[in-house]
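Subject: Structure handover

Dear colleague,

Please read the notes with the structure open.

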Amino acid sequence: MNISNINFKPGLEGIPVTKSSICEIDGVQGKLLYRGYDIEELAQKSSFLETAFLLIWGELPTVNELRNFEAEVQMHRRLSFRVRDMMKCFPSSGHPMDALQSSAASLGLFYSRRVIDDPKYVYKAVIRLIAKIPTMVAAFQLIRKGQDPIQPRDDLSYSSNFLYMLTEKEQDPLAAKVFDKCLILHAEHSLNASTFSARVTASTLTDPYAVVASAVGTLAGPLHGGANEDVIAMLENINTPDNAASFLKEALLTKRKIMGFGHREYKVKDPRATILQTLAEELFERFGKDEMYEVAKKLEEEAIPILGAKGIYPNVDYYSGLVYRKLGIPRDLFTPIFAISRVAGWLAHWREQLGANRIFRPSQIYTGSACRNWKPLDQR
Ligand code: SDX
């Protein structure tokens with residue numbers, strides 16, 4: 001095959017594979033819009049559930065629509081005892097993202113009627129996934145400590161309830177408010193790897209639980225959602241701001257990636273990183289500073305003159321871990337929390353894919369052997 005005229009782009013870099021009205025990114029100006037609303041305004045004024053409604057159904061909810069959505073999500077937070085018992089069989093040493101992927105997929109067993117062309121089924125599946133994913137993350141946290149998961153509290157808001165189920169105590173309102181804004185910031189980001197997985201899986205017309213399980217597995221990778229954990233490990237390895245310059249020099253010399261830096265779309269600082277810094281500083285003011293934040297700022301200061309020239313700046317994962325750390329959240333739960341939020345974006349893309357579906361089946365450039373005959377063992 002003459003490949004010279006084929007638009008071959010590893011990783012589909014820059015290749016549009018769908019049309020979407022959900023999210024717009026301006027990587028040069030550093031702008032991010034959900035259904036036309038700027039992320040900065042949503043982070044300031046919206047709530048995660050309102051933002052999830054906007055992403056999934058395309059418009060900000062009315063008073064009644066939001067009230068009903070919140071009430072339905074609250075009613076569906078609980079897990080079947082079968083799912084909890086299944087999670088109790090998971091090894092406590094397993095990664096919470098694997099526990100989440102397994103338990104999210106298991107919902108397809110309990111809600112097995114696949115009528116994805118029925119709007120009622122679609123609405124119910126959206127409610128169940130938005131409502132149950134946080135409960136699954138919190139449940140595994142308690143189960144792996146040898147404890148029984150605690151039931152959701154109907155009197156608490158979405159974010160307050162998650163932090164309560166995770167920590168077994170009611171959180172300060174500021175902690176819940178900051179956490180809810182983190183969920184807004186992570187909810188959607190056009191065709192990132194996990195959302196692309198969601199769309200590919202959705203295009204086969206399988207059930208939404210398989211779509212979300214597929215996306216969770218993709219998000220877990222260190223080049224994608226898993227980076228937030230690695231950023232904290234990197235900062236702890238650097239240990240003090242004075243070590244930042246030498247760490248950076250060594251990393252660049254050995255062609256190691258600075259975790260939390262770089263982005264396929266942004267060629268300036270990710271606007272979400274800037275907002276997360278503000279949220280982190282709000283927590284530090286109330287609950288005390290974190291030396292790792294000083295390390296992170298120093299590393300950014302040292303890196304920008306070198307990496308900035310290549311369009312490599314902090315992305316959403318660079319400061320998010322410092323917020324979660326201050327909220328007392330264990331490091332290996334940072335990516336599951338990313339998933340709690342990104343379920344809204346995955347479900348928005350699931351609905352959009354179904355609205356104008358064509359199964360994904362790209363092509364390839366074959367580089368293997370030409371046709372050849374099988375040889376008996378004694379002739380090989
Ligand atoms: C997320 O896509 C999304 O929207 C994702 C996300 C979302 O909301 O869904 O924003 C969430 O996944 C954020 C990214 C989290 N990952 C990391 O922080 C891991 C570290 N970052 C890199 O692995 C990388 O920047 C990527 C994966 C994020 C982007 O990779 P690209 O666009 O494929 O770029 P590349 O790997 O081809 O690198 C191009 C050049 C290379 O240098 P050269 O070989 O050309 O000399 O830039 C360099 C790379 O070495 N480079 C880096 C770097 N990232 C790219 N050098 C040092 N440190 C880095 N972090």
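On a 1 Å grid over the protein atoms alone, a pocket is an open set of points where a 1.4 Å probe fits, with protein on both sides within 12 Å along at least five of seven lines, and a molecule sits in a pocket if more than half of its atoms lie within 2 Å of its grid points. By that rule, the ligand sits in the largest pocket.

This is a predicted model, in which local features need pLDDT of at least 70 and side-chain atom pairs count only at pLDDT 80 or more, while totals for chains, interfaces and linings use all residues. Residues are numbered from 1 along each chain as its sequence is written, and side-chain values use heavy atoms, with hydrogens and water left out.

As for polar contacts (pairs of N or O atoms within 3.5 Å), a nitrogen atom of the ligand is 2.8 Å from a polar backbone atom of isoleucine 258, and an oxygen atom of the ligand is 2.9 Å from a side-chain N or O atom of histidine 224.

Kind regards

Definitions and conventions:
A polar contact is a pair of N or O atoms within 3.5 Å; within protein, one must be able to donate a hydrogen and the other to accept it, and residues adjacent in sequence count only if both atoms are side-chain atoms. On a 1 Å grid over the protein atoms alone, a cavity is a set of points where a 1.4 Å probe fits but cannot get out, and a pocket is an open set with protein on both sides within 12 Å along at least five of seven lines; lining residues have an atom within 4 Å of a point.
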